[in-house]
Amino acid sequence: MTSTRSKKLCLAQQPDADDMLSRDPFALLVGMLLDQQIPMERAFAGPVSIAQRMDGPFDPATVAHYDPDAFVEVVAGPPAVHRFPTAMAARIQTLAKHLDEEYSGNASGLWSDVKSGDDLLARLSALPGFGAQKAKIFVALLGKQLKVRPRGWREASEPYGEDGAYKSVADVIDVASLVKVRQFKQEQQLVRQRVVARPLRQTRNG
């Protein structure tokens, strides 16, 4: 495993999971991949659960070549790492294959030689399972917590790179910040619901 930094991340709020996220870039990427439709801390606790259940090391090459049916069983548990274990197992293996083929299995190769924020964003956006929003959040996470700060990283990660803004996992450093990020996400969800509901009311009234 390639080291990310010495200071410990606090994304999963579990010592063993956060220890792994702090030292293993591949685990951090897998946690980010899992971070959808389940609580954030559960997503980032996923990599250590997978690693403990696997036969062999938790690295891109091993995961990429793991028997797909056996890997589904690893992700499914019990307990399941994600609410959609079959789909997520396939996504994790696809991500691992990309890292194995494009970066020789070195996940930190994504950012170790990057020259600009736009370049970093492009590399992350090219990862299987990483959409535009997820890629921006990961740029912000790297910049804020891992001090990976190529030129223009804040601009590339907008709106998640702003200091003092509790908008994503990039801002989670303890329990209190996790609560603030969760509150922000809940507020955003309410806004989206209102936006959807407004045209429906207008259609009925019309």
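Leaving aside its neighbours within four places in sequence, which residues is glutamate 41 in contact with?

Modeller: Please keep in mind that this is a predicted model. Glutamate 41 is in contact with Leu11, Ala12, Gln13, Leu178 and Arg182, once neighbours within four places in sequence are left aside. Glutamate 41 itself is found in helix H3, residues 40-53. Its C-alpha atom and that of alanine 80 are separated by 14 Å.

Take the contact Gln13 next. Glutamine 13 is placed in the segment before helix H1 (15-23). Its phi is near 65°, a positive value in a residue other than glycine. Glutamine 13 counts as partly exposed, because its relative accessibility is 29%.

Lysine 147 is not a glycine, yet its phi is positive, at about 60°. Lysine 147 sits in the loop between H8 and H9. With a relative accessible area of 61%, lysine 147 is exposed.

The backbone also has cis peptide bonds. One runs from glycine 77 to proline 78, with omega near 15°. Proline 78 is in the loop between helix H5 (68-76) and helix H6 (85-102). Another cis bond joins glutamate 158 and proline 159, and its omega is about 5°. Proline 159 belongs to the loop between H9 and H10.

Now step back to serine 157, in helix H9. Serine 157 counts as buried, because its relative accessibility is 0%. Not counting residues up to four places away in sequence, serine 157 touches Lys136, Val139 and Ala140.

Helix H9 (153-157) also meets H7. Helix H7 covers residues 117-125, and its buried residues are Gly117, Leu120, Leu121, Arg123 and Leu124. These residues are on the same side of H7, because they cover an arc of only 160° around the axis. Their packing partners are helix H2 (25-34), helix H8 (132-145) and helix H9.

Helix H8 holds glutamine 145. That residue counts as buried, because its relative accessibility is 7%. The C-alpha atoms of glutamine 145 and valine 196 are separated by 35 Å, and the two residues are 51 residues apart along the chain.

Next, the aromatic rings. Four aromatic pairs turn up in a search of the whole structure. In one of them, the rings of phenylalanine 130 and phenylalanine 138 have centres 6.2 Å apart and planes at 75°, so the pair is edge-to-face. Phenylalanine 130 and phenylalanine 138 are buried. Together with Trp111, Phe130 and Phe138 form one aromatic cluster.

Phe138 leads on to the core. In soluble globular proteins, nonpolar side chains tend to be buried together. Here the largest nonpolar core has 63 residues, and those touching the most other members are Leu29, Phe44, Phe71 and Phe138. H2 supplies the largest share of this core, with eight residues.

Look at Phe71 in that group. Phenylalanine 71 is in contact with Ile50, Met54, Val63, Tyr66, Ala89, Ile92 and Gln93, leaving aside its neighbours within four places in sequence.

Last comes the empty space. Rolling a probe the size of a water molecule over the atoms shows where empty space is left. The largest pocket holds about 630 Å³ of space. Its lining has 22 residues, and Asp35, Gln133, Lys167, Lys185 and Arg192 lie nearest the centre. H8 and helix H10 (175-205) are the elements that give two or more residues to this lining. H10 gives the most, with eight residues.

Technical notes
Residues numbered from 1 in each chain as written. Predicted model: local features only at pLDDT ≥ 70, side-chain atom pairs only at ≥ 80, totals over all residues. Heavy atoms only, no water. Buried < 20%, exposed > 50% of the residue type's maximum accessible area, 1.4 Å probe, protein only. Helix = DSSP H or I, 4+ residues; strand = E, 2+ residues; numbered from the N terminus. Arc of directions from axis to C-beta. Contact = heavy atoms within 4.5 Å. Phe/Tyr/Trp six-rings, centres within 6.5 Å; stacked < 30°, edge-to-face > 60°. Core = buried A, V, L, I, M, F, W, Y, C linked by side-chain atoms within 4.5 Å. 1 Å grid on protein atoms, 1.4 Å probe; cavity = no way out; pocket = protein on both sides within 12 Å on 5 of 7 lines; lining within 4 Å. Points joined across faces, edges and corners; volume = space filled by probe spheres on them.
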